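Keep the viewer open as you read.

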Amino acid sequence: MSRISGDEPVYMKLYKKLRGDIVAGVYAYGSKLPSKRALADESGVSVITVEHTYELLVDEGYIEARERSGYYVSFRKDNWFTSVGNDDRQGMPVKEAEDGIAGDIPETSPKAVARFPFSVLSKTMRRVISEYCEEIMQKSPNAGLTELRTALKKYLARNRGIYVEINQIIIGSGSEYLYGMIVELLGRDKKYAIEKPSYKKIEEVYMALELNYEQLSLVKDGIDSRALSETDADVLHTTPFRSFPSGVTASASKRHEYISWADRPDRFIIEDDFESEFSVSAKPVDTLFNMSENDNVIYMNTFSRTISPALRVGYMVLPKRLAAVFQERVGFYSCTVPTFEQLVLTELLNSGDFERNINRIRRSMRAAKGTK
């Protein structure tokens, strides 16, 4: 391995280099990685830098740490759809508990910590009323206020590594509303695949729209490979960071598997990035939107968990090739989020208050988990 240099943080350069080597098969599945000291000497970095890099790769599921043994590659890319059945990654399907929640809420869950401070929210609301006055009574553009979409564009670039133009960002009143818009965009004639179990509203929306859809069982690390390989769906609707109500997080291998499944001109992925802001990892998990080279992933998120479920505001990021199509097919729909609420969110994003609260919660979660 060549020595690491450049302006980017050293641990990130090393992380990207190792991740690329693992995905490319330079380090095969099950193989042992160099010791921290050996890799530090080889790369010209400190042992602490290597340790940080390995922790990131463990968090994302590319490698695993074995006590008194070292680090081993857990990412597996070869023969996803030809070796299913005897694959030790699969396991038994995840079952939904009778109360709709699979297990108790751990103390590291964002549900176990306070939501957005009301004092900050109320102060921002008063400031918006004072500064914008009667502007808050004006009708929003159909896709959402330019101010909010611009703030989201910058936020996504800073925090999720998603670099898009504002015409790709659409504002709507919550996830259910956006699900319906996506169906109108992609077409009712397509077959949709959802996780089993999945967020109840997803299935309810698809049922209400009388769509042809299929449920794909979840296993311990994501959607069952056999189910994914056998489905004839055109659209995969997934929540890879943390599926609700199962709590299943898609591993790095599964995320690449989803991308491989969608490697056809007629297939799309709907990525619902539920709770991704509350990752305890030092680096946000890569999104399917970023990983795909086919411009066929629709990214979605809301502010219901990060601020309040009473704030019915969500947004989606369209692939470039669908931005113009959206305007033609669905662009006439009026934005369902009041101008006032959009301006409040704009202020929270631009002032840094939103991110400061996210970071506070993440610190609390890391402390509860016993990590740095």
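Start with D224, which is buried (under 20% relative accessible area with a 1.4 Å probe, protein chains only; exposed is over 50%, and partly exposed lies in between). Despite that, D224 makes no salt bridge, meaning a side-chain nitrogen of Lys or Arg within 4 Å of a carboxyl oxygen of Asp or Glu. The nearest side chain of opposite charge belongs to R226, 5.6 Å away; here Lys and Arg count as positive, Asp and Glu as negative, and His and the chain ends are not counted. So what does the side chain of D224 reach at 2.9 Å? That would be the backbone nitrogen of A227. As for where this happens, D224 sits in the loop between β6 (222–223) and α8 (225–230). Helices (H or I, at least four residues) and strands (E, at least two) are DSSP runs, numbered from the N terminus.

A word on what you're looking at: this is a predicted model, in which local features need pLDDT of at least 70 and side-chain atom pairs count only at pLDDT 80 or more, while totals for chains, interfaces and linings use all residues. Residues are numbered from 1 along each chain as its sequence is written, and side-chain values use heavy atoms, with hydrogens and water left out.

Now zoom out to the sheet. Eight strands make up an open sheet with mixed pairing, and the order is β3-β10-β9-β8-β7-β4-β5-β6. Two strands pair if DSSP finds at least two bridges between them. At the edges are β3 and β6, each pairing on one side only.

Strand β8 (residues 268–272) runs parallel to β9, joined to it by four bridges. Within that pairing, I270 has I298 as its bridge partner, and E271 has Y299.

On to the pairing of β9 with β10 (residues 314–317), which is antiparallel, again over four bridges. Y299 turns up here too, standing opposite V317, while T302 faces G314. Strand β10 is also covered on both faces: G314 and M316 are buried on one, Y315 and V317 on the other. Continue to β3 and you find another antiparallel pairing with β10, held by four bridges; in it, I171 is partnered with Y315.

Finally, the whole chain. It has 13 helices and 10 strands, and 52% of its 372 residues count as buried. Taking contacts (heavy atoms within 4.5 Å) between residues at least 6 apart in sequence, 73% join residues at least 24 apart.

How far can you trust it? The mean pLDDT (the predictor's confidence in each residue, from 0 to 100) is 86, and 87% of residues reach 70 or more. Below 50 you'll find residues 85–89, a stretch with 13 contacts beyond near neighbours in sequence. Residues 97–110 are also below 50, with 21 such contacts in the model. Where pLDDT is low, the predicted coordinates should not be read in detail.

Methods:
A polar contact is a pair of N or O atoms within 3.5 Å; within protein, one must be able to donate a hydrogen and the other to accept it, and residues adjacent in sequence count only if both atoms are side-chain atoms.
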